[in-house]
Each structure stands twice: as structure tokens, then as C-alpha cells.
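Colleague: Could you take one chain of this assembly and go closely through how it sits against its partners? I would like the contacts, the areas and the charged pairs in one connected account, with the cut-offs stated as you go.

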Amino acid sequence: MPETSTHPYTTVIGLEVHVQLATRSKLFCGCSTQFGAEPNTQTCPVCIGMPGTLPVLNRSAFALALKTAIALNCHIPEFTKWDRKQYYYPDLPKGYQISQYDLPMSVDGFLEISDPLEPYAPLRIGIIRAHLEEDAGKSIHDEVAGRADSEIDLNRTGTPLLEIVSEPDLRSPAASRIFLQELKLLLTYLGVSDCNMQEGSLRVDANVNLHLEANGQRVATPIVEIKNMNSFRAVQRALEYEASRQYRVWQETGQQLGQASKQTRGWDEAAGLTRPQRSKEESSDYRYLPDPDLVPITTSPAQVEQIRQSLGELPSALRARLVREGNLSDYDANVLINQGQELVDYYQAVAAKCNDPKTAANWVTQEVLRELKEREMTIAQIPIPAECLADLIHAIQQGQLPGTRAREVFTLMLNDQITAAEAIGKLGIEQVDESDLVALCQELIDANPKIVADVQGGKQQAIGALIGQAKKKNPNVDPGRVRSICLELAMKS
Amino acid sequence: MSLVEYSAHELKQLLVSGEITSIELTQALLDQIGTYDDHLGAFLHIDAERALARAADIDHRRQAGKPLGPLAGLPVAVKDVLCDQDGPTTCASRMLQSFRPPYDATVVARLKAADAVLIGRTNMDEFAMGGSTENSAFQVTRNPWDPGRIPGGSSGGAATCVAARMAPLSIGTDTGGSIRQPAGLCGVVGMKPTYGRVSRYGLIAFASSLDQVGPLARTTRDAALLLETIAGHDPHDATSLEVPVPAYSHSLEQPLAGLRLGIVREHFAAGLDPSIEEAIRQAVEVYQSLGATIQEISLPHSKYAVATYYVIAPSEASSNLARYDGVHYGHRTDESQLQAELNARRQQLQAAGDERGLDQLDNGLVRMYRLSRAEGFGPEVKRRIMLGTYALSAGYYDAYYLKALKVRRLIRQDFDAAFGQVDLIASPVTPSVAYRLGEMVDDPLAMYLVDLYTVSANLAGLPSISLPCGFTREWLPIGLQLQAPPLEELRLLRGAHMYEQATDWHKRQPALVRQRHTGV
Amino acid sequence: MTALSRNDVEKVALLARLQLTDAELDTMTAQLGQILGYVDLLAEVDTTDVEPMAHAVELCNVFATDQVMPSLPRERALANAPRDNGRGYLVPAVLGD
Ligand SMILES: [Zn+2]
């Protein structure tokens, strides 16, 4: 492979991403998946793993997982089943996690990203598999009266997770970050997950080692798994740290892959380094067995094809088109796509109607998104139809509405659920005739000889006071025009 | 005749006609329990007050002409393995001694909805593991026909209470014969339905792919009545079958015309008690006299059934019982004592400079798990957890667990082929009659081998019934087992009913309870 | 199959989270050895091309609707907890992670 970095080694990285799927209820019971509830208020006999309870698979969870896997270009086997992964931990109430072992629901996919070292050259990152499993609960350390306890909260237990495992195809921390950004874009666009890392709905573990040349031979350093990375930036930093650490260790010890067992290290964000994590040797014997309480799932090639058709244009193609057709920046395109398909559709409708994609993008990514956030609304709930926003933009373009008052009009449209024309009318905004404007300015110049003198003496900013007065007399005046006309008149008088 | 001697079917008619009340019936059974159960030990918990209140409520509703469920006013005993939020559910284990389920098992909910009176919770082998009920953490249950002998198991309490006229109907569970074997040893009818016919939701799992809930009663008609109440699809159990439930008790009386009855060549081998063999051969002759044709068939893999079962069942059990770790419910060891012991051990190792010992010493949490489980489980449960953990562990999975799953399919295929030739298969339930209490405790393998006739139906998922077909010279009951293809419960019940009509074994009462009631 | 050693049984006991006394370890080693010896009978069965059978009845595609159902009130969820603080289950400190 080409050594394009400045390091004397190639960093080889594979990522393991856990994504919480956006279902209402848990994977195997009816408890809510809402984040932030009081501890142990979203549990039932099933997710507490009480004796006698049985799991039943959430249809939406499987559908969302399938949609994602297909969007990741995975092969969908016709038959998939459920397995129990057994280990003891207080946040795992059944003593096993329901997961998928030897026959996962999807395998052999890829995600295309742009190469950070050679922008615009697409890189294809392999996906080994993506499978569905249940989440565990949380342990919180609780120091009570000198006694060290952990408090267990099972609210998160049984939440549906999609585990996506990449091939070790990533060759730099920067590429890893781009992969994650691209993956997040895809998942949020499809609406399968909110990918909120703070709330734990997207979690990343990384496997990393180095390939380098020693005495004319290619060698690899032992693989290390890194955990506890809480942002994409942290992933990049941890990988950068870990690569240089491994290089240092290799220089000191010469230890190669196979000469040491796989190590797990935790990223310490504050200290900016990774530390070894203890793991008991027996803990890796998970004693998988097919879950007798759950039945297998079959998916036909026809079903897969139907889902593939329904996906439509995926983010990378969509972004390329928005950039190409609307002359948007990559950034603006990503902001739109990140909000999901509905917002993109809204944007496209506005852009088509007003015939100014760039301005439409500005309106949607700024005013519209800000209002949605403030009013805790979704795009489907916004009372301004795309055509009405397009009319607003059109009015500005036609000079019927001064740009400075556009936001005012927009807010009124939202509050009163009226059209742009109605809002403009209600606010009494009308085009000011050029001769009226000149007359108004002349009136102000005549009434303010002091300001005229200041301007003539070189203090152009003094004109600002006149702009204020003009707006009081007629709120429809364009401040820019007032300024230039007044300056002209002042110099002439 | 005392009320306790009537069949459920007869009692239902008496209740419906108003000749008796549920209160009278419930009280009569509570009295019977009061008289015999201190000695027999069939029940783990009785809530007389609740049962009588329930009976009173049903009587009131009946008098008011309100609609009532199909079991209205009939007392039913439930094996202590099905969750009931109105009381304890212990699985006869110290682990769950203080467990109070916050929900009802589907079967329990259906019994309540059918207006049954849940009269008490019956004893069993701990977590349904065993064939003698000697593995209960709490008490011994005795066989009413000879109190020095085991009642069988794991549904030993369920069979004993029916045989001793302490309940007309009872619910058991069957993972490898746990309904049929005690039914056979106690001289009552016991049935394991097709896997998936009855919901497992709320049944505390032993081996999930084998467990099935079923009825015990004194007649096939009563078993049919109870089965049709508890059977049917349940959305809470993904393995439950979405197939309509026939009204078994209605078409029971139609004999099976042209019945082809199979007997299995491999079943009549060394180790089968001659008196049992004789009883089975006579039962087959009864069928012949009723017009059935008898055909000898072969189930070539039947000799592997016990070995297959004792890999699959413990493997699933080791997983199902992992949840009992003393964290969220169930028994937890004394934590202060645990910490003190760990600290003392740590100091000892430090003083000795034993680095390896220190490294291997359990942390507090691991030790808590290990002690809680060691204290909460009895020896048989531990043995099966160990066996299953081993069979699933790295390096052994293919040789044991996977191999057993493959042989399981061969066993099922044997049955599929056999049912191409015959309608029902007749066999013994057990190779020997009830043994003496304590006789087999130290020989687990010998105890496992006793399951040879019953485990196949669980492995293959077939319905199977055990019914009384005779006695030994010492008046110990002998059971006849019939097996049918999946979902052919009605065929099975009709076949059993034919035999029952032609014989009177099911009418015999154990001497122990008979003495008191003769002449009434 | 190779014979089961006492050391093997000790390892399995840790995996199974059971604390066995020395006497129990001895008995368990003997009994498990005996049972496994019997189970080895399966080795003689030809299972070439036989699919494993993990379920007694082989169903497929059973789902539940994605619908929020009431959870247990916290007091009821924690009612069976051996030790809790009214908010959560308490256990000896979970180390590492
Ligand atoms: Zn739940």
C-alpha cells in the first residue's frame, strides 16, 4: 500500500460502532427507550430478566437494522438467528446478552468516504458485518458511608443496538474520523438513529496496530483495542496517541503481532493518553448458544430489493448532487443531509420554487433550523410550506421586501401561519418610491446642519443618526439606500 | 361419596346445577390437604383464605347469574414453577425462597380468567431438575401408594395431590418426562402437549427448547378440560404456536376407528421391569380388542435420546440459570462476612508473598456471585449447571452441544418416519416402578437413565400422555405412554380415552386415602 | 474424549460462578466424568450433513409491534432486590471497566 503519511509506519485501524436504533420501545419488551428517565423507571419483568420471562423481537428494530445494512451495501443472508453471549456483569440481568454470533443478519458491505490525504478520491471501507443486539444497563459508582458500592440502573437494558464492524481498512486517525462522520450522516439521514454520542446512542471502539518495515521485512505490531472514546475528535486523538505509543514500544521492545496477547486500553480524554484495562483471562469464553426463546428470521432477496429501492438517493450521492446543482458548500450540504430526508425534501422544494438554491440553503440551514430547535418542532410540523418560504425569498429578490425585514416577516409567518404576502401586508411593508426616499433624506439633511457639518469634516459615521431617524419616519426604507443618498446630499449641500 | 373423589368433569356439573358450591368443594379439598399433606408433602404453599374468598366470589357470581369461565369454581393446584403475583414462586429453591413475581404466567392468568380456584402451589425438584422430587430444597413428597417411595418428578407434588384426592386438577411442567413420569408412578393421567401448544411465558425456565406446561388429572376427560383452558397462542412467547385449539373435551368420546398403534422394538430391552413389560403388553391387547392394528416399528436413534437430552438440557439450563446471581432478585450471600473472608485471605497471601494467588483471588463481586449461587442452589442444580457450562465452553461445543443438536434432528426424523406407518406409539413411561426415597441420591447417571422412554417426546417436540395401566403385586402403579405427531393432542386424548373406557385402573385409590372414605 | 481433571472442574466452576468446596470438587469431578463418559456415546452417531436442531418446533419470523407499554413502578421493580437504595440495585463496587 502507498505510504503517503509522514510516519515511518502505516496505521491500520478497524472500527466497531454500536448504534442505538430509533425505536419507541426496547428490542424485546415494551419499555420505552427514551433517554434521561429516573433510574429504574423504564424496566419490566422481561428487561429485568425476571424468572419466567421471554423476549419477543421488536419488528421496527429489525426493519431499521435491515435498512441500515442494505444502505451499507451489505449482503443480507436469507436466514439469521439469535444467540446468547454469556458473561456475568451486574448490568446484564440475564447473565447473557442476546446477540448474533455465527449467522448475523448482514455481512460483507462497504461505506465510501473521501480520502483525507487525497481529497475527492473515494475510499471504500469494508464492513465485515452488522448485527442486532440488546444493550446492557449502567453501573454508577456510589460511595456510601465509606463503603464502595455500585448502583445499577437497568433503564438502558434491552435497548436495540446495531453493531457495525469495519474491516481494518482505515489507514489513519483522520480517515477514521471521516468514516465515522460519513457513517453518522448516513444513519441520521436514514432516520435509523440520532447518533447522539453524549447520550450513548453511538459508541466507538477501535482496533489498531502498525505495519512497518524492519530489515527489509514487513512486520506488524500487536493489535490493541481502544475504548472510552466519547467524541469523533476523541477517536482521532486516541488513535494518534496510540499509533505513536505503539511505535515507541516497538522501537523499545521490537514486539510483533502474535508475541503478545490482544490488549484493551481505555482513552483518558483529560490526560490525553490511553491506559491498559484489566481483563480476566476466562472472560473471553462467552459460551454462545442459539437462543431457544427466539425464532430465526428469514429475509428473501425480493424483500431486500424492495428495501433497496425504497432507500432512494443516499447521502454521498445526494451531497454530490446538491453541491453540483445548487452550488452549495460540502458543509451546507452535510448540514441539510444530517437532518434527514424530510428536511432535504423541504429544502429541494424551496430551492426549486425560488430558483435560488444557495439562498434557499441559507434560509433552511439557518432560520428554519434555528426555529425548529427553539420551538422543538420537526420539519413535518413547520407551519410554513416550502412554497411560502420560496415566496418570501422571491419577494426579497424582487426588491419587494428589504432584506433587513425578512426575518420579521418569517417570524410572523410562523406565528400566525400566514403567507409571505399576508405577513408583508400585516407589517405594512411596502416599496418606498425613489423620489419619496430622496425627499425624506433631503428633509433630514435640512433639519440636521450639525451632522452635515460633521460629515463634511470627514466624520462619515455621523450619518448613522440620520438612518435611525429615517426608519422612525418610515419603517419601510432601506437603510443602505438612506445612507448613500444622505451622504450624497450632505456632500452637495 | 366424598366430594374429593369426584372427577373435575363431575364436579363441574354439580357446580353448574347448583348441587354444590365452590366454597364447599374448596373446603373439602382443604380438609383433605389438612388430613394428608403433613405426611405426603405435596404442597409448598396453601393460601386457604385466598382460595375460599375466590370460591365465595365465584359462588356469588354464579348465584347472580353472571357469566363464568369454563373452570368456574374448580380448584386447581399449580406447580411452584409458574409465576403468580398473588404469592411466592420458589421453584423449590432456596435461591427463590423470598421471590414474589410482579406478574402472572400466561397459564396462571388463563386459569384465573377461567375462574378456577388456585388452591395451592405444589412441590417439585428444584428448578424442575430431577425425577423424584427429592431435590426440593424445602420438603420431601411421598408417593400416596407407598409413602416410603418417591412420587416421581419433577412434578411430584402435582401428581401426588391428584392421586391423594387433594385436588382434582393440577398443572405440571415436562422437560424430559416431568409430568408423565410422576403421573405414571402415582397412577394418574399426565400429559405433555406439543412444544408451543401452551405458552411458556412465566414458566421459570429449566431448558427452554424442551419445557412445556401440561395437565395432570385422574381422567383423560379432566386432562382435556384443563388443557383446552391453558392451551393457545400467546404473543408473549415467540415459540408459541398460532394454531386454533380444538375443544378437546367435546370430541373425546369418538374412538379412533382403524387405529394403527405402534410399539417400538428398541423399547423392550434389558432393564425393563418384567411386570411393567407385562402390563404394557396387556394394554396393547386391550387396544387390539378395540379394533386397533398393532405394528412393530423402529426408532433407531432412541438409544441416544438420554445422552442427547443430558447435553442439551443442562446446556440450556446453565444459561437460563445464569440470571440467579444475587443482584436483582433471589438469594444473596452475607456481604460483610464475604468481605471479611476475602480480606483475611488477601492478607494471608500478601504475608506469604504469593503473587499468583493474589492475582487469582476473586474480587468482591465475583465472590458474591459464587457464594450466592453456591448457597442458593442444591447439588443436582449445580451438577447440571456444571455439565452445561462445560458442554458449551470453548473447545467442547462441537463435540457435545452441536453434536447433540444434530442427533436431536435424527431422533425427530425417526418419529416422522414412524408416524408415516402408525397413528400412535405405545410404550412404558418408566423402566421401573417408584423406588424408595433416598435410593438413588448418590447415583445421578442411574437416575438419568430412568428417563429413557420420556425424553424423546421433548427432544422431538411431540405430544405425549401417560395413563394408568396396571399395578405391580405391591400395588405400585404402572403407566402407559402414548405419543402422537405434533399438534395431534386430540388423537392422543381420544386414544387414551378409548383405553380408559375399557379398563378401570384410573378408578383405583391409594389405600392411604381410601380407608377414610369407604362407606361414605 | 479426554478425561476430566479436577483442575478442569475448578475452571468450569469459575465460569459458572459457583463456589465449590474441596469435597464438592471431588464428587463433581467423579460424577461429571461418569456422565460425560456416557454422553460420549453420541460420538458413534454419523451426523454428516445433518442440520443442528435448536428448537423443538421450527418457527420463523415472530415479531412484536414497536409500541411502548407501561413499565413497572420503581418500587415494584426493586421489590425483590437483595439490596437497593430506592433508586437502583446495589452491588459490591464494580472494579476496572
Ligand atoms: Zn422492559
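Modeller: Let us follow chain C, where 52 residues are in contact with 70 residues of chain B, contact meaning heavy atoms within 4.5 Å. This is a predicted model, in which local features need pLDDT of at least 70 and side-chain atom pairs count only at pLDDT 80 or more, while totals for chains, interfaces and linings use all residues. Residues are numbered from 1 along each chain as its sequence is written, chains are lettered from A and ligands numbered from 1 in the order in which they are written, and side-chain values use heavy atoms, with hydrogens and water left out.

The size of an interface is often given as the accessible area lost when the parts come together. Between chain C and chain B the buried area is about 5600 Å², with carbon and sulfur atoms giving 69% of it; the term stands for the accessible area (1.4 Å probe) that two parts lose on being put together, summed over both. As for charges, four salt bridges are found across the interface of chain C and chain B, each being a side-chain nitrogen of Lys or Arg within 4 Å of a carboxyl oxygen of Asp or Glu. C:E58 makes a salt bridge with B:R409, and their closest N and O atoms are 2.7 Å apart. There are also 22 residue pairs in polar contact between chain C and chain B, both residues being at pLDDT 80 or more (a polar contact is a pair of N or O atoms within 3.5 Å; within protein, one must be able to donate a hydrogen and the other to accept it, and residues adjacent in sequence count only if both atoms are side-chain atoms). On the side of chain C that touches chain B, at least two residues come from each of α1 (6–15), α2 (22–39) and β1 (89–92) of chain C, where helices (H or I, at least four residues) and strands (E, at least two) are DSSP runs numbered from the N terminus. α2(C) gives the most to that side, namely nine residues.

Turning to the other partner, the contact between chain C and chain A takes 35 residues from chain C and 47 residues from chain A. About 3600 Å² is buried between chain C and chain A, and carbon and sulfur atoms give 55% of that area. In chain C, the residues that lose the most area to chain A are C:L15, C:F63 and C:D66, which together make up 20% of what that side buries.

The interface of chain C and chain A has three salt bridges by the rule. In a salt bridge between the two chains, the side chains of A:E38 and C:R74 meet at 3.7 Å, N to O. The count of residue pairs in polar contact between chain C and chain A is 20, again with both residues at pLDDT 80 or more. On the side of chain C that touches chain A, two or more residues are given by each of α1, α3 (74–78) and β1 of chain C, and β1(C) gives the most to that side, with four residues.
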